[in-house]
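Hello,

Please find the structure below. My notes follow it, starting with a question.

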Amino acid sequence: MNHYFSPLDYTGPASEAGSYQPDVQGPGSPGTRDTGFEEAVRLVRNHLRENHSTGLVSAVIHPEIRELMKREILHYLGDAGIVVPGMDQGQLFRKIQEEILYYGPIQGALDDPAVTNIDINSYQYVYLERKGEEEFHPEMGFRDEAHLEVILNKMLMTDGKVLTANEPHIDSLFEKFRICAVLGAGRGGVATEGTCASIRKFSEDTITPAHLVSGGSISSEMDEFFAQVLPWCNAIIAGATNSGKTTTMMAMPLYFSPDTRIITIEDSPEMMLRRRSSYLEYHNIVALQTKDHENREKRFDIARLTKVSLRMRPVKVMIGEVRDSQACRQAHESMNTGHNTYFTIHASSAANAAVRIVQLAGDGYNDEVIAAQLADTVDLILFQQKMGKSRIIAEVAELTGYEGARKPVVRSIFRFEQTGLGPGGDVLGSHRRLAGISDGLAEKLHQAMVAPEFIRRWQS
């Protein structure tokens with residue numbers, strides 16, 4: 001059964017039940033209509049559907065048409081004399097346009113630059129992540145599950161997608177948001193307690209290395225280390241979900257020369273480097289994203305795109321996330337063929353990341369050989385954690401080898417030592433340098449013609 005609810009058709013529980021039939025006059029007649037908010041929304045939506053149906057649909061995608069629809073709403077409210085007790089006309093206009101032209105109760109959170117995540121656990125329960133802290137906002141709840149689906153489908157519409165029983169889970173990119181929407185089990189989906197969603201917001205501004213230093217994610221000494229070493233290495237950024245891996249990945253190319261040829265590969269576009277203010281001088285960037293298809297031959301996953309990228313003369317290959325064996329093997333192949341490669345992976349420590357890449361890239365029979373190859377190609381592992389409100393690169397380690405295939409040998413170069421939490425939830429502590437780089441990495445830097453004084457500094 002298709003559970004799609006058109007934003008043109010949903011009128012709220014009262015009108016669906018047919019129990020609320022207000023005694024109102026036609027548009028433009030004298031007097032006022034004393035209504036509830038839901039009834040006011042229904043009247044405005046019906047007016048737009050009957051007189052501006054094409055504009056109402058297009059307003060979801062086209063900002064200029066949305067502005068025309070705003071003016072039409074304002075005129076209609078005045079002409080029809082619609083009044084909602086306890087709500088002034090300015091507030092009524094704003095709330096109605098949020099409901100019809102934007103995204104209802106969560107519009108304020110979408111507009112708030114301090115909000116980084118919106119988690120809709122059910123139509124009633126909405127949480128925000130603001131400046132690293134979780135906040136419960138019951139006032140952002142939706143009227144019912146159908147209302148929530150209307151808003152989510154309005155966001156998914158621009159990508160040509162709709163939540164249905166046949167497609168109960170959708171990942172989509174909309175404007176500056178990444179949306180993961182899951183249909184409720186009661187409507188033919190897979191979310192036990194009702195339709196839910198997680199919305200990740202992206203800023204056009206990039207977190208730069210200077211921001212990482214000022215925010216405490218890295219130290220100034222680590223910043224110098226990355227500037228002098230990272231461009232010549234293969235590196236993995238490891239950590240849990242929401243630890244800041246992608247943010248760190250987006251800052252990495254700022255350590256490279258602006259003319260460096262960079263290929264980015266992602267499931268859904270998050271890095272979008274060329275759209276960001278910090279990369280205005282970086283013109284040699286090509287972005288690739290996966291494409292799903294029921295025919296395996298027409299499917300382009302991370303592994304296949306990585307293979308494609310190697311034919312595009314890359315200098316740096318940046319892979320949004322490595323989740324499966326094929327992707328990990330192809331990333332390893334990219335490193336083996338002499339391209340500096342960087343990718344993120346879920347792991348609980350730097351050592352665990354080194355174990356995971358063998359598990360993913362291995363075949364169960366030649367794992368020791370593969371581990372030896374990985375030790376020769378993977379140079380650095382950056383392990384990132386969310387501590388309190390802060391996202392910290394907790395360890396920078398060099399992968400120097402394996403004992404067998406399951407026990408990596410890692411050399412911790414930098415490590416964060418936590419001393420507590422501040423009153424605002426920010427982590428207290430400092431980064432400490434523990435060791436120098438290995439002779440093997442020093443030789444790689446020497447072959448890359450890194451200045452000898454820099455190599456000696458990081459060896460000591």
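Which residue forms a salt bridge with R323? The partner is E321, and the closest N and O atoms are 3.5 Å apart. Keep in mind that this is a predicted model. R323 is partly exposed, at a relative accessible area of 48%. E321 has 15% relative accessibility, so E321 counts as buried, the cut-off for buried being under 20%.

**Salt bridges**

That pair belongs to a longer list. Searching the whole structure gives 19 salt bridges. Here are some that I looked at.

K386 pairs with E129. Their closest N and O atoms are 2.8 Å apart. K386 is partly exposed, with a relative accessible area of 30%. E129 is at 1% relative accessibility and therefore counts as buried.

R178 and E270 form another salt bridge, with 2.0 Å between the closest N and O atoms. R178 lies in strand β7 (residues 177-182) and E270 in the loop between β10 and β11, so this pair ties together parts that are 92 residues apart in sequence. R178 is partly exposed, its relative accessible area being 25%. E270 counts as buried because its relative accessibility is 8%.

There is also a network. Salt bridges link E38, E99 and R143.

**The sheet**

Now the strands. How many strands form the open sheet, and in what order? There are 9. The order is β11-β10-β12-β13-β9-β14-β15-β16-β17, and the pairing is mixed. The edge strands are β11 (285-289) and β17 (427-433), each of which pairs on one side only. On average, neighbouring strands of this sheet are turned by 20 degrees against each other, direction ignored.

Strand β9 (residues 235-239) pairs with β14 (residues 380-387) in the parallel sense. That pairing runs over 5 bridges. In β14, I381 is the bridge partner of I236.

**Strand β10**

Have a look at β10 next. Is this strand mostly covered or mostly uncovered? It is mostly covered: of its 5 residues, 262-266, 5 are buried. In general, side chains alternate between the two faces of the sheet in a regular strand. Both faces of β10 are covered. I262, T264 and E266 are buried on one side. I263 and I265 are buried on the other.

What does β10 pair with? One partner is β11, in the parallel sense, over 5 bridges. Here I262 stands opposite I285 of β11. Another partner is strand β12 (residues 316-319), which also runs parallel to β10 and is joined to it by 4 bridges. In that pairing, I265 stands opposite I319 of β12.

**To take away**

Best wishes

Definitions and conventions. Residues numbered from 1 in each chain as written. Predicted model: local features only at pLDDT ≥ 70, side-chain atom pairs only at ≥ 80, totals over all residues. Heavy atoms only, no water. Pairing = 2+ DSSP bridges. Helix = DSSP H or I, 4+ residues; strand = E, 2+ residues; numbered from the N terminus. Axes fitted to C-alpha atoms, helices over the stretch in contact; angles between N-to-C directions. Buried < 20%, exposed > 50% of the residue type's maximum accessible area, 1.4 Å probe, protein only. Salt bridge = Lys/Arg side-chain N within 4 Å of Asp/Glu carboxyl O.
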